[in-house]
Amino acid sequence: MRKVNKAIIPAAGLGTRFLPITKALPKPMLPVLDKPTIQYIVEELESAGIKDIIVVVSPGQEIIGKHFSEAAVLEKRLLSEGKTELYKKATATNGFNVKFAVQKEANGLAGAILSAESLVGDEPFALLLGDELLCAKDGKDSCIKTLKDIYEKTGKSVIATMEVFGSDVEKYGNVGIGKEENDVITVNAIVEKPHISEALSNNAVIGRYVLDGKIFSMLKKLKPRNNEIYLTDALNELAVSGELLASTVKDDRYDVGDKFGYIKANVEIALKSKEIGEDVKQYIIETAERLKK
C-alpha cells in the first residue's frame, strides 16, 4: 500500500467570528498559550511521521510563512545573550518542511484542496482543518496517526468521527455507518449538516482525514452548489462505492473556531504547562470560589 507522506492544512478563511483581530492577523495565527494554532497542527503531523506539509493561504497572508522561516536578528540576539531555551523555541519552527499554496477564490474547503493539487500530485494525503486542535492522550497514537495507519493498511480513504447529540447533529457532516471491526467503521453515506430528523446516525465528521489522491479528479467533476464545491459530495461517492472508512476520535478535541472553544483550549493547555500549570490551577480554584459567593 502507498505511504502517506503529505498533508494539506487549509488556512485561507476570513476568520469573521474573531473580528476585529482577524482584520490583521490570520485566524491560524491566533495563539493558544504561546503557540499559534497552526503550529500545534504541524507538530501533530510531525509526530505522525508526515513530513511534507502544504498550507493553503489566501493572498496577503505572508505572516504565516514568516512564522515558519528564520528570524535572523532575533535568533542572533538570543544566542549572544545566552538565552538558549528561548533560542530553541524561536528556531523550532524553522525545521518544518512547510510549503504554501494560494487559494485565489473563496470557494470553500474543496477549493482549498484543489489549490494544493500541484504540490500533492496523485499521492494520498492527510487533511487537517485548522479550527480543531486534537491532543493525543498520554501514550496513545494521535488521531491523524491512526487514520494514516488505517489508510496504509487498507488503501481506502478514512475520516475521523465523533458522537454528537441533539441540536449538535445539525452542525456537522453526518455519517451513515455500516459494520465496525477493530475500531474501524465502514461508511455507507455522508450528508452535509442534516436536519436532526434526517440524520443518518449520531456520528459526525470532524476535521481530520486521510484521502486517496483520486479525490482531486472527483472534486473537479462535481457540480457546484451555492457557488461552492463540497468535499462531502465526493466523500459520499466514496462511501456509496465502499471506499470510505472512519475511526472514532479518542484525542482531546478543542473547537478553536468558536470563541468559547478557543477559551477552553487556552485554559486546558495552560493547565498542562510545566511553566504555569500550577498557577493556572490555583487561579481557577480561587475564581470558582469567588463565583460561588
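This is a predicted model: local features need pLDDT of at least 70, side-chain atom pairs count only at pLDDT 80 or more; totals for chains, interfaces and linings use all residues.

Residues are numbered from 1 along each chain as its sequence is written, and side-chain values use heavy atoms, with hydrogens and water left out.

First, the helix pair. Helices (H or I, at least four residues) and strands (E, at least two) are DSSP runs, numbered from the N terminus. Helix 3, residues 72–80, packs against helix 4, residues 84–91, at an angle of about 160 degrees, and their axes are 8 Å apart. Axes here are lines fitted to C-alpha atoms, for helices over the stretch in contact, and angles run from 0 to 180 degrees between N-to-C directions. Angles over 145 degrees count as roughly antiparallel, and helix 3 and helix 4 are therefore roughly antiparallel to each other.

Which residues meet? From helix 3 they are L74, E75, L78 and L79, and from helix 4 they are L86, Y87, A90 and T91. Contact means heavy atoms within 4.5 Å. The residues of this contact divide into six nonpolar, one polar and one charged. In that count, Ala, Val, Leu, Ile, Met, Phe, Trp, Tyr, Cys and Pro are nonpolar, Asp, Glu, Lys and Arg are charged, and the others, Gly among them, are polar.

Next, the cores. A nonpolar core is a set of buried Ala, Val, Leu, Ile, Met, Phe, Trp, Tyr and Cys residues joined through side-chain atoms within 4.5 Å. Buried means under 20% relative accessible area, exposed over 50%, and partly exposed in between, with a 1.4 Å probe and protein chains only. The largest nonpolar core has 48 residues, and L45 and V55 have the most contacts inside it. A second, separate core has 33 residues, including V56, A112, V187 and L231.

Now the single residues. T232 is in helix 9, residues 231–240. Is T232 buried or exposed? T232 counts as buried, because its relative accessibility is 11%. Not counting residues up to four places away in sequence, T232 touches I190, V191 and E192.

G178 is in strand 9, residues 174–181. With 36% relative accessibility, G178 counts as partly exposed. G178 and L245 are 67 residues apart in sequence, and their C-alpha atoms are 9.5 Å apart.

Last, L129 is in the loop between strand 6 (125–128) and strand 7 (132–135).

Methods: Angles under 35 degrees count as roughly parallel, over 145 as roughly antiparallel, 65 to 115 as roughly perpendicular and the rest as oblique.
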